[in-house]
Amino acid sequence: MFYYEFVKSITFLGYILFFRNGDHGGPYVGDVKVEIEAPETSPSGSEISYRLNIKNLSNVRLESAELEVFYPLGFVFLDATPDPPADSQDGRKFSFPSIASGAEENVVIVGRLEGALQEVKVISAKLHYVPENFRSTFLAEASANTQILAPDLSFRLIAPPHLVTGQKLIYQMEITNISGRPFSAMVARISYPEKF
């Protein structure tokens, strides 16, 4: 009987000494949201901007957060705020060393988007992060759609299909304003063929 009481007392004492003053952090409670703000429609070939919002609604700080962006086919990356890291100049990855509990981070991406008329282009993003006092990596995802409209301008270049050497050649450019709004200060840059 004495042995049983002795083991029980040692176990209890060990539990108290080990867990009494340790800051082991609470369980991971809360939510991390990624939202993408994208225009509902965009003329083909025009400049477009996406805004990605990361909201840490959890009860702990996020560490080693990395935002991975998946652009639609036909998107050409031009710029981003903040700047992407040196190893991701195409704007596909953005790093955040730490995001405090209740904090929000934003990324604005600017590019050019082309596509067929009425085509729906989808941008998506994944946020990989590790909550403070955790070893596991968690994931938050989001996506947004943009429908492609007809371009603001239609451009056509007409040239004769056959040519006799030394003959006078006429190129014709046709530009049509489809948008219904005026344009000004337009410039056409022409690259002539060799020996023109």
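Leaving aside neighbours within four places in sequence, Gly115 touches Ser44, Lys121 and Ile148, where contact means heavy atoms within 4.5 Å. Gly115 sits in the loop between strand 7 and strand 8 (120–131). With a relative accessible area of 24%, Gly115 is partly exposed; buried stands for under 20% relative accessible area, exposed for over 50%, and partly exposed for what lies in between, using a 1.4 Å probe and protein chains only. Gly115 and Phe75 are 40 residues apart in sequence, and their C-alpha atoms are 8.8 Å apart in space.

Before going on, a word about the model. It is a predicted one, in which local features need pLDDT of at least 70 and side-chain atom pairs count only at pLDDT 80 or more, while totals for chains, interfaces and linings use all residues. Residues are numbered from 1 along each chain as its sequence is written, and side-chain values use heavy atoms, with hydrogens and water left out.

Now step back to the whole chain. Its secondary structure comes to one helix and 11 strands; helices (H or I, at least four residues) and strands (E, at least two) are DSSP runs, numbered from the N terminus. Of the 196 residues, 22% count as buried. Among contacts between residues at least 6 apart in sequence, 69% join residues at least 24 apart. The chain exposes about 13,800 Å², and carbon and sulfur atoms supply 54% of that area; accessible areas come from the Shrake-Rupley method with a 1.4 Å probe, and for residues only the protein chains shown count as cover.

Which strands make up the open sheet, and in what order? Four strands with antiparallel pairing stand in the order 1-3-7-5, two strands being paired if DSSP finds at least two bridges between them. Strand 1 (32–37) and strand 5 (75–81) are at the edges with a single partner strand each, so one side of each has no neighbour in the sheet. On average, neighbouring strands of this sheet are turned by 20 degrees against each other, direction ignored; the axes behind such angles are lines fitted to C-alpha atoms (for helices over the stretch in contact), and angles run from 0 to 180 degrees between N-to-C directions. Strand 5 and strand 7 (residues 104–113) pair in the antiparallel sense over six bridges. Phe77 stands opposite Gly111 in strand 7.

Salt bridges come next. Side chains of opposite charge can pair when their charged atoms come close. The structure holds five salt bridges, each a side-chain nitrogen of Lys or Arg within 4 Å of a carboxyl oxygen of Asp or Glu. One of them joins Glu35 and Lys55, with the closest N and O atoms 3.2 Å apart. Glu35 belongs to strand 1 and Lys55 to strand 3 (residues 46–56), so this pair ties together parts that are 20 residues apart in sequence. Glu35 is partly exposed at 31%, and Lys55 is partly exposed at 24%. Another salt bridge joins Arg61 and Glu63, with the closest N and O atoms 2.8 Å apart. Arg61 and Glu63 are also linked with Glu132 in a network of salt bridges. Asp90 and Arg92 form a further salt bridge, at 3.2 Å between the closest N and O atoms.

Then there are some backbone details to look for. Most residues other than glycine have a negative phi, and most peptide bonds are trans. Ser64, in strand 4 (residues 62–70), has a positive phi near 55 degrees, and Ser64 is exposed at 55% relative accessibility. Gln118 has a positive phi near 70 degrees and lies in the loop between strand 7 and strand 8. The peptide bond from Thr81 to Pro82 is cis, with omega near 0 degrees; Pro82 is in the loop between strand 5 and strand 6 (93–99).

Phe155, Leu157, Tyr171, Met173, Ile175, Phe183, Met186, Ile190, Tyr192 and Phe196 make a nonpolar patch of about 1,000 Å². Patches are made of residues with over 30% relative accessible area and no salt bridge, with like charges joined within 9 Å and nonpolar side chains (Val, Leu, Ile, Met, Phe, Trp, Tyr) within 5 Å. Strand 10 (153–158) and strand 11 (172–177) are the elements that give two or more residues to the patch. Phe183 is found in the segment after strand 11 and is partly exposed at 31% relative accessibility.
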